[in-house]
Amino acid sequence: MEILISTAIGFLVACGIYLMLRARTMDVVIGLTLLSYAVNLFLFASGRLTNNAAALISSDAAAYADPLPQALVLTAIVIGFGMTAFLVVLAIRAFGDLGNDHVDGEAGK
Amino acid sequence: MMGHWLIVPVLLPMVAAILMLLTARMGRTVERSISLLAMLGLVAVSAVLLNASLSGDYQVYALGNWVAPFGIVLVLDRLSALMVLLTSVLALFSLLYACNGQDREGRHFHVLFHMQLMGLNGAFLTGDLFNLFVFFEILLIASYGLLLHGGGPLRSRAGLHYVILNLAGSALFLIGIGTIYGMLGTLNMADLAVKVAQAGPEQLRLIHISALLLMVVFGLKAALLPLYFWLPGAYSSASAPVAALFAIMTKVGVYSIIRIFMLVFGIEAGALSNLAQPWLLPLGLVTLSLGVFGVLASRCLRKQVAYLVVVSVGTLIAGVGLLTVESMAASLYYLMHSTLITGGLFLLADLIARQRGDVDSELRVGPTVTQPLLLSTMFFIAAMAVVGLPPLGGFIGKLLLLEAAVQQPSMAWFWSVILIASFFALIALSRTGSALFLKTDDTATTGVRAGGASLLAVTALLLSSPLLAVYGNVVSDFSIATAEQLVQPMQYIEGVLGPQPSSMVNSMGGEQ
């Protein structure tokens, strides 16, 4: 499971960075979204990967999953969601103001 | 104990912002009254908090009464009290300036302004790393809205860069936090300081990496060397009261660097102690030098002031990087002065630009300003203060910094860079002054006279420089006391977590 998770994180980060460097606003938005998915998975994994472990106290549990990273991921997801929504609106507005979708507002560069 | 006072600087702006949203249909006068009243209240509360911090005790507020390290705590020491007061004073005058009409250029200016204050105060008061991230995001999303206030293609473009860079920065921040949590199992700053000192050798490398990641993130907020290119564009295109408030935003990055790298990775952090030392001083000096080139090369006053912010950050980080009590105290003095003066300069640049018609704040021949004597005197005083000429506060700040570097191995570099940079800034600002006020054509002036509220705001911010010089003794005593508190992480840890087992105190604080 460790290999699966770490490959997934690495793949998402690579795609995210590639898209961010494309310098077109929509590509950058999708790139940042992928990057935030990678970060959320990473945060989730920081509490160690456990199978069938109780999250809350139970009398017959042998091991517990760490609940804190789950709370952190939840916060990070909410914040990332809000920021992405804002960025999409901003990208549309910049397209209207600048006439093209390059992040510098100058097409053809 | 302070009771619930500690949470007020976070709650008051939030309640005010919500109230303003609810009463949005009742007209601008209601909005402005709520906004200014809440702002005055915030200044008063900050003063109370500063007064409480003078004794040197750590005031801890456990949110929801969950005891640290399990719950989130707010911690008040001298540094955070100072930053909260500085923020509210700067914000009060920015708001006063905005009430002269610029708050009407877009919607919900006051709501966003107070949300930003909430994020700033929270970031200064929190004692938890993840909570710091959350407050960073609050102040950032409010600042995105404020930066776009007034609209226009320039702001859209600068805003796009600013938002994307900060989102990437937030991703790095979370990776740093995740790694630290994975290694140490805690995010409370005091608890982190204890755990870092006890970290096993197999954990050190990952902790080191995540600490440097955090430095990159804070460096981005503070606009340190490779990460400052967003600042001149963003600050110079923001509307004046917003830019003035943003003068404190870079200081949030500086504050976080001081907090994390003095407390968690400070002198008592075992194998990772003084982790920031090899980085801060050189980065600060190079940032300072490049910032001064920006000041020299600017073709427009607003951009020049934005580069002056970069210069002040470079000077501050270099001062912090010396890592002695004297240099830290000098940096704090310089921080107060430079924040208020650059804030005042942004407002002044706007006053000047508004009276020059289409030429705006560009440094070329244009019409005479409507109030030449008043504005040129103000510009003269502000320039003297920001360059650091006697007898104003900027001079004392730089003198303290230079004195702190005596006997340090890096003294030669430190002295020469700071002095040469000040000289170049002096040349650049003299040229700006003559371009703005002397090289004028004879076209009729079109600008309106500056309103009373805006003049009051600029004057008050500029007055901070002579005041900091006159009360230099009191202020520098306070900053020395603050610096002494900062170099004793054990006091902070015990203030938050209660008395530590004596074996650990011995192993950690043996040299005291």
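1. B:His108 lies in the loop that runs between helix H3 (78-98) and helix H4 (109-125) of chain B. Helices, as named here, are DSSP runs of H or I with at least four residues, strands are runs of E with at least two, and both are numbered from the N terminus. B:His108 has a positive phi of about 60 degrees although it is not a glycine. With 17 other C-beta atoms within 10 Å, B:His108 is partly exposed. For this term, C-beta atoms are placed from the backbone: a residue is buried if 20 or more other C-beta atoms lie within 10 Å of its own, exposed if 12 or fewer, and partly exposed in between.

2. A remark on the model and its numbering is needed here. This is a predicted model, in which local features need pLDDT of at least 70 and side-chain atom pairs count only at pLDDT 80 or more, while totals for chains, interfaces and linings use all residues. Residues are numbered from 1 along each chain as its sequence is written, and chains are lettered from A and ligands numbered from 1 in the order in which they are written.

3. A positive phi is also found in chain A: A:Arg48, which is not a glycine, has a phi of about 70 degrees. A:Arg48 is placed in the loop between helix H2 (25-45) and helix H3 (67-98) of chain A. It counts as partly exposed, with 13 C-beta neighbours inside 10 Å.

4. Two cis peptide bonds in chain B deserve attention. One joins B:Ala68 and B:Pro69, with omega about 5 degrees, and B:Pro69 lies in the loop between strand S1 (59-62) and strand S2 (73-76) of chain B. Another joins B:Pro390 and B:Pro391, with omega about 10 degrees; B:Pro391 is found in the loop between H15 and helix H16 (393-405) of chain B.

5. The overall form of chain B is as follows. Chain B has 21 helices and two strands. Its radius of gyration, taken over C-alpha atoms, is 22 Å, close to the 24 Å that the globule rule (2.2 Å times the number of residues to the power 0.38) gives for 512 residues, so chain B is as compact as a globular protein of that length. Along the principal axes, the C-alpha atoms of chain B fill a box of roughly 80 × 60 × 40 Å. Of the 512 residues in chain B, 60% are buried.

6. Chain A has three helices and zero strands. Its radius of gyration is 19 Å, well over the 13 Å that the globule rule gives for 109 residues, so chain A is more spread out than a compact globule. Its C-alpha trace spans about 65 × 25 × 15 Å along the principal axes, and buried residues make up 30% of its 109 residues. In helix H1 (residues 2-20) of chain A stands A:Tyr18, which counts as exposed, with 12 C-beta neighbours inside 10 Å. The C-alpha atoms of A:Tyr18 and A:Asp60 are separated by 47 Å, the two residues being 42 apart along the chain.

7. How many residues of chain B are in contact with chain A? There are 21, and they are in contact with 26 residues of chain A; two residues are in contact if their C-beta atoms, placed from the backbone, lie within 7 Å. Helix H5 (129-147) and helix H6 (153-184) of chain B each supply at least two residues of this side of chain B. H6(B) gives the most, with 16 residues. By class, this side of chain B has 13 nonpolar, six polar and two charged residues. Ala, Val, Leu, Ile, Met, Phe, Trp, Tyr, Cys and Pro count as nonpolar, Asp, Glu, Lys and Arg as charged, and the others, Gly among them, as polar.

8. Within chain B, helix H11 (residues 249-264) and helix H13 (residues 301-321) pack at an angle of about 10 degrees, with their axes 11 Å apart. Axes are lines fitted to C-alpha atoms, for helices over the stretch in contact, and angles run from 0 to 180 degrees between N-to-C directions. H11(B) and H13(B) are therefore roughly parallel to each other, a term for angles under 35 degrees. Among the residues that meet are B:Val254 in H11(B) and B:Val313 in H13(B). The residues of this contact divide into eight nonpolar, one polar and no charged.

9. B:Leu263 is also found in helix H11 of chain B. It is buried, with 24 other C-beta atoms within 10 Å. Leaving aside neighbours within four places in sequence, B:Leu263 is in contact with B:Met189, B:Ala193, B:Pro489 and B:Tyr492.

Technical notes:
Angles under 35 degrees count as roughly parallel, over 145 as roughly antiparallel, 65 to 115 as roughly perpendicular and the rest as oblique.
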